[in-house]
Amino acid sequence: MTMTQGAAPENAAIPTASRVDRVKHLLARSDVSRSEVFDLVHSLSDDELLPFGLRAYRLNLVSLFGRDWPRERIAQAARAAAISKILGGWEYHQHYLPRLTSAPDAPQVNGAHLEQVRALLERGRGVVGVSFHFGHMRYLPSEFAHAGIATHLPLASDSYNDYWTARASNPGAALWKHFEFVDVEARAGAISLAKALARGELVFSTIDGNTGNDGTRGDARRSKVALLGSECRVKNGLFVMAARFGSPVIPMVAHNLDGQRACRLGPVLDPGGPLRGADAERFVEEAVQSAYTFLGEALNAYADEWCGGDLFHQWRLPAPSVTHPANEIEQRLREHLGTGGRVVMDTRRIVELPGENDIVWTDALTGRCYKFPLAIVDLAARLADEGRGVDLRWLDQHPSDVRSRMWSLICQLASRDAVRCHG
């Protein structure tokens, strides 16, 4: 073991393509029906969802809920979240935006978000709306723009290009009259957001996973927050801007509720006026933590809609790695197995990642990886099967040299909480 840190039928159009290739083909098109895309994506097997980040969703949901949720619930939520990401982007960019007209669209999301933002804007200090890569987040800024609220959406360059393409292909849509999307990776991109707040307008952003120009582990314009017991480093630039202009911040998520899109609002975080120095710093830290506490509450209820959950490991800080004394671990394991017990993989923190010729386990909390050589992959398979696990009888079936090697690996895994006593 090693450790490391209305169109022609699609079948006729691409008759030799695999189902995954077919999905990717359809996701690039706007001239296909919603039901065709949704039905195909929902029918994908777990193996077919692997190219769309299913393993990362599993890993990151285990890091948050491994101690509280059974493995089956996490697996179901990970699958649903991966599908949410696939369909959410296509539905909005390829199905919704191209069909907009010169008349403002009817509301797509139920809730009090429009009234709440209007009331906050009346204070004359602008508003910072924050959401997360969650559910139907793309419809929220559209809602505000269609309601006549000047809305400014900061985006990374790739997302900016998606909106630019949508506007170029449907320039007469009413959405663009009150909707400005900003490439914050371009020079002076953030300045336009500051000007919008100074004019008393709305800046809306999905803030989780915003890695910034300094990469996933940078520390510029970041705060440390707790999210469901995990420590994370997140961008705080919009909160700093809110403190400077005295703009209230309002968190929100758009999720499914009884078959419809619904908006859930968090507590308004109001600096009360422009802040400087220690007062501004205090507001930023408290407001950022409050926003992510709100995200945690939403995840507890709707984790299957966390379409940004595949990137959580990029901004979650790894938990400290602890190694228990080898002699204590070995003695405990011998006593447990000697009374008929078994040892199994700790599925509350370990995710299995099969490779071509080996098996890799990843500790969702620490990021530590364990690689099983081909010669003993049957040990990994046995440990991962909670219904069987590894007991003395199974170990004794192997030659002494193989048994000794397996025992050594089991002790190493137990010393790092990768396996646990069971039964």
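Me: Is Trp-361 buried or exposed?
Reply: First, some ground rules: this is a predicted model, where local features need pLDDT of at least 70, side-chain atom pairs count only at pLDDT 80 or more, and totals for chains, interfaces and linings use all residues. Residues are numbered from 1 along each chain as its sequence is written, and side-chain values use heavy atoms, leaving out hydrogens and water. A residue counts as buried under 20% relative accessible area, exposed over 50% and partly exposed in between, using a 1.4 Å probe and protein chains only. Trp-361 has 0% relative accessibility, so it's buried.

Me: How are the rings of Trp-361 and Phe-372 arranged: stacked, edge-to-face or tilted?
Reply: Rings of Phe, Tyr and Trp (its six-membered ring) pair if their centres lie within 6.5 Å; planes under 30 degrees apart are stacked, over 60 edge-to-face, and the rest tilted. Here the centres are 4.9 Å apart and the planes sit at 55°, so the pair is tilted.

Me: Which strands do Trp-361 and Phe-372 sit in?
Reply: Helices (H or I, at least four residues) and strands (E, at least two) are DSSP runs, numbered from the N terminus. The pair links distant parts of the chain, with its members eleven residues apart. Trp-361 belongs to S12 and Phe-372 to S13.

Me: What is the relative accessible area of Tyr-96?
Reply: Tyr-96 belongs to an aromatic cluster that also includes Tyr-92 and Tyr-139. Tyr-96 is buried, and its relative accessible area is 10%.

Me: Which residue puts its charged end over the ring of Tyr-139?
Reply: A charge sits over a ring if NZ of Lys or CZ of Arg is within 6 Å of the ring centre and within 35 degrees of the ring normal. At 4.1 Å from the centre of the Tyr-139 ring, the charged end belongs to Arg-261.

Me: Within what arc do the buried residues of helix H10 fall?
Reply: In H10, the buried residues are Gly-189, Leu-193, Ala-194, Ala-196 and Leu-197. They line one face of the helix because, seen down its axis, they fall within an arc (taken from the directions from the helix axis to the C-beta atoms) of 155°.

Me: Which residues are exposed on the other side of H10?
Reply: The buried residues of H10 have covers including strand S2 and helix H11. Over on the other side, the exposed ones are Lys-195 and Ala-198.

Key:
Contact = heavy atoms within 4.5 Å.
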